[in-house]
Amino acid sequence: MALEKEISSWLKDYLLSNNLNSFIIGISGGIDSAVTSTLCAMTGCKTIVITMPIHQNPNETDRGMEHCSWLSENYKHIEVLNIDLTEAYEKFK
């Protein structure tokens, strides 16, 4: 079995054995979140991917949003959330 399938299978077993029903992954646009979210999506289980920019120019988050779109196009059970945290951050500053 290919390594990515072994990891994805382990993730699915972990999710189900702990009575959980979804993965939630923060997407930064970097390689770590892209690999993790893809492995989770490969399980066939609900995978929620979230971008949470704070004071970022929209073009700085393009790579993360492009990955979220790619996941939605290639896997079922993907939910994409984009939550701009700038206003909340300003309240606590």
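1. In this predicted model, helix α4 spans residues 86-92 and contains both Glu-87 and Lys-91, which are four residues apart, about one turn of the helix. An α-helix has 3.6 residues a turn, so residues three or four places apart point the same way. The two side chains form a salt bridge, with their closest N and O atoms 3.7 Å apart. Both ends of the pair are exposed: Glu-87 has a relative accessibility of 57%, and Lys-91 has one of 65%.

2. Glu-90 and Lys-93 are also joined by a salt bridge, at 3.6 Å from N to O. Here Glu-90 is partly exposed at 33% relative accessibility, whereas Lys-93 is exposed at 67%.

3. The structure holds three salt bridges. Among them is the pair of Glu-79 and Lys-46, whose closest N and O atoms are 3.3 Å apart. This pair links distant parts of the chain, since Glu-79 belongs to strand β3 and Lys-46 to strand β2, 33 residues apart.

4. The largest nonpolar core comprises 13 residues, and Phe-23 and Val-49 have the most contacts inside it. Elements contributing two or more residues are α1 (3-17), β1 (22-26), α2 and α3 (62-74). The largest share, three residues, is supplied by α2.

5. The contacts of Phe-23, leaving aside residues up to four places away in sequence, include Leu-11, Lys-12 and Leu-15. Phe-23 also touches Cys-40, Thr-43, Cys-45, Lys-46, Thr-47 and Ile-48.

6. Which residues of α2 are buried? They are Ser-33, Ala-34, Ser-37, Thr-38, Leu-39, Cys-40 and Ala-41. These buried residues pack against α1, β1, β2 (46-51), α3 and β3 (78-82).

7. Ile-31 also lies in helix α2, which covers residues 31-41, but Ile-31 is exposed, with 63% relative accessibility. The C-alpha atom of Ile-31 is 9.7 Å from that of Gly-64, a residue 33 places away along the chain.

8. On the surface, Trp-10, Tyr-14 and Leu-20 form a nonpolar patch with about 360 Å² of accessible area together. Leu-20 is located in the loop between α1 and β1 and is partly exposed, with a relative accessible area of 44%.

How values were computed:
Residues are numbered from 1 along each chain as its sequence is written. This is a predicted model: local features need pLDDT of at least 70, side-chain atom pairs count only at pLDDT 80 or more; totals for chains, interfaces and linings use all residues. Side-chain values use heavy atoms; hydrogens and water are left out. Buried means under 20% relative accessible area, exposed over 50%, partly exposed in between (1.4 Å probe, protein chains only). A nonpolar core is a set of buried Ala, Val, Leu, Ile, Met, Phe, Trp, Tyr and Cys residues joined through side-chain atoms within 4.5 Å. Contact means heavy atoms within 4.5 Å. Patches are made of residues with over 30% relative accessible area and no salt bridge: like charges are joined within 9 Å, nonpolar side chains (Val, Leu, Ile, Met, Phe, Trp, Tyr) within 5 Å. Accessible areas come from the Shrake-Rupley method with a 1.4 Å probe; for residues, only the protein chains shown count as cover. A salt bridge is a side-chain nitrogen of Lys or Arg within 4 Å of a carboxyl oxygen of Asp or Glu.
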